[in-house]
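Please walk through this model with the structure open beside you. We start with one side chain and its neighbours, then turn to a whole chain.

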Amino acid sequence: MILDLDQFVRREQGFWKELESFLGKFEGRSDTRFTLEDARRFHYLFQRTSSDLAKIQTFSAEPELKRYLETLVARSYPHVHEERGRRRGSFAGWFASTFPRAFRRHYKAFWLAILTALVGSAFGTFVVLADPDSKHVLLPFSHLLGDPSERVAEEEKRAADPEERADQGGRRGTFSAYLMQNNIRVSITALALGLTYGVGTFIVMFYNGTILGAVFADYIHAGESEFLFAWLLPHGVIELPAIFIAAQAGLVLGRAMLGWGTNVPLRGRLRRVRPDLVTLILGASILLVWAGLVESFLSQHHEPVIPYSVKIAFGLVELVLLVIYLAWCGRHEKREESRG
Amino acid sequence: MKGGIGRTASLEIRTPEGVVFSQPLASPVTRFLAYGVDLVIISLMQATLREGLQLMVVISEDIAVAVQIALFFVLSIGYPILLEWLWSGQTVGKRVVGLRVIDEGGLGLKGTQIVVRNLMRAVDAIPAFYFVGGLACLLSKRSQRLGDLAAGTLVVRSPRSRAPRIQDLLGRMYYNCFREHPHLEARLRQRVSPEEGQMVMHALARRDDFEPEERVRLFGEMADYFREMVTFPPEDLAGMTDEQYLRNVADTVFRGRG
């Protein structure tokens with residue numbers, strides 16, 4: 001049996017157009033809300049068009065019309081059958097609870113990222129102490145290649161000169177923005193390389209650890225520990241954990257790719273970790289914005305402008321606050337959830 | 001899901017109502033075209049921003065450059081995320097080329113999926129020009145780059161197809177002698193497949209495009225093919241050209257029982 005296509009199209013076209021206008025509204029704005037009546041009408045139109053498609057598939061001789069109806073049904077389908085609710089919440093709530101809780105859920109991956117960086121820094125330390133010339137290969141920044149004591153003397157001389165200070169002050173914003181976007185880019189790469197079953201993330205962490213180890217070894221060996229800590233602590237105590245958090249997300253992704261200790265298929269595993277990946281990388285990015293500001297506007301000031309002890313103390317306070325934030329925030333909600 | 005090497009794959013979804021519909025998956029080439037359009041848009045926006053920020057230089061060059069670096073970065077990362085979220089899986093490039101990102105189950109896109117698929121570009125773009133992503137697309141059964149795999153998304157072709165206006169052609173139909181034999185017409189309707197019916201419609205619609213000799217030969221072959229399906233009484237077919245025979249077939253198939 002074949003439909004009377006002409007009559008069929010004439011009879012149904014009005015419903016298809018109406019469904020199309022509904023879809024136009026849905027697709028134009030992602031937060032469109034409808035009244036109950038509208039929702040009922042939309043559901044009716046979807047069912048009617050689906051039924052038309054079923055008829056066409058069985059009886060008709062019109063591929064163009066079939067494609068048109070398929071497009072309509074395909075566009076309507078997610079709006080009718082979506083079960084996953086939209087989570088709506090404030091940014092403050094997310095920052096105070098969702099982020100630290102996501103961090104704690106995957107704390108082992110965080111420690112693994114730190115451990116990898118530590119292994120890298122041990123390697124960097126060993127290489128620089130065993131062969132000081134290897135600095136030129138290991139360190140990507142030109143200002144780190146010279147003698148640490150000479151650099152400290154130069155920085156302190158520059159800090160004492162009002163003209164130099166004014167000149168540097170005129171470039172702080174640019175430097176800060178550059179640092180932020182560069183660090184966030186590195187963090188996103190550390191996350192995305194989780195797709196390589198975590199191997200790429202391990203390599204990024206090891207490499208960054210190597211650089212850090214080499215710098216530490218170089219400055220401590222030259223007797224410039226105070227300068228080093230005063231220079232790195234104010235921003236480093238936030239920047240490094242932020243990059244470790246991004247790597248943590250990468251390792252969580254890597255583990256989901258591998259699927260150790262679970263029978264859930266790959267798609268299910270990825271679906272499960274996805275919200276945490278986004279939370280972790282967003283949290284890391286926010287921390288990196290703060291670290292960028294501190295690095296540009298505080299870390300680059302040296303004695304006599306700001307005493308080293310003040311900078312070190314500032315860094316330690318930041319570290320304590322960060323530990324409290326990541327370890328404690330949102331615990332209350334977890335208890336309430338488990339009671340509920 | 002169906003597909004294979006050498007033909008465009010499609011995602012097939014069966015709704016709880018029992019209706020099956022398919023979504024044609026986008027090829028890597030069309031996706032690259034859409035990306036190219038987006039790249040042009042981003043560049044234009046960056047150029048506009050740069051011009052706009054020139055005004056800020058008067059206040060402070062440092063702040064102007066800092067804002068420029070920050071906005072360029074936010075734009076390059078945020079453009080696809082924001083547009084795919086606002087336009088249900090489309091960016092300007094995808095709209096122009098007719099593509100849409102969908103959930104791999106055919107459902108709506110979640111914000112986390114959009115963020116993940118776009119952040120994973122860091123790996124897909126390695127080493128240059130989306131080599132890794134393109135390769136993954138070619139090797140993947142569902143044309144997914146690595147970002148799509150992680151996000152559980154697919155890119156489908158989303159043409160705005162319209163209900164066809166076949167009435168124009170059917171309106172020109174004349175007296176159909178097949179109507180004298182409803183039982184034979186019913187058999188013909190039963191045996192003609194959708195593709196065969198469509199072929200006749202297209203051949204008739206494009207009759208003037210063919211060379212006269214070729215048209216006679218083509219319509220002859222087609223008419224013979226349909227004559228073998230159902231045999232109408234020879235006295236009714238006397239003097240009927242092949243083209244008239246095909247018009248009768250089209251009328252019978254598409255007009256239904258009048």
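A contact here means heavy atoms within 4.5 Å. This is a predicted model: local features need pLDDT of at least 70, side-chain atom pairs count only at pLDDT 80 or more, and totals for chains, interfaces and linings use all residues. Residues are numbered from 1 along each chain as its sequence is written, chains are lettered from A and ligands numbered from 1 in the order in which they are written, and side-chain values use heavy atoms, without hydrogens and water.

Find Y77(A) in helix 3 (residues 63-81) of chain A. Helices are DSSP runs of H or I with at least four residues, strands are runs of E with at least two, and both are numbered from the N terminus. What does Y77(A) touch, leaving out residues up to four places away in sequence? In chain A, the partner is F46(A). From chain B come I13(B), T15(B), P16(B), F21(B), G105(B), G106(B) and L107(B). Y77(A) is buried, at 8% relative accessible area. Buried means under 20%, exposed over 50%, and partly exposed in between (1.4 Å probe, protein chains only).

Now take chain B as a whole. Chain B has 13 helices and five strands. Of its 258 residues, 48% count as buried. Among contacts between residues at least 6 apart in sequence, 63% join residues at least 24 apart.

How confident is the predictor? pLDDT gives its confidence in each residue, from 0 to 100. Chain B averages 84, and 90% of the residues score at least 70. Over residues 1-7 of chain B, the pLDDT is below 50. Beyond near neighbours in sequence, that stretch has ten contacts in the model.

Notes: pLDDT is the predictor's confidence in each residue, from 0 to 100.
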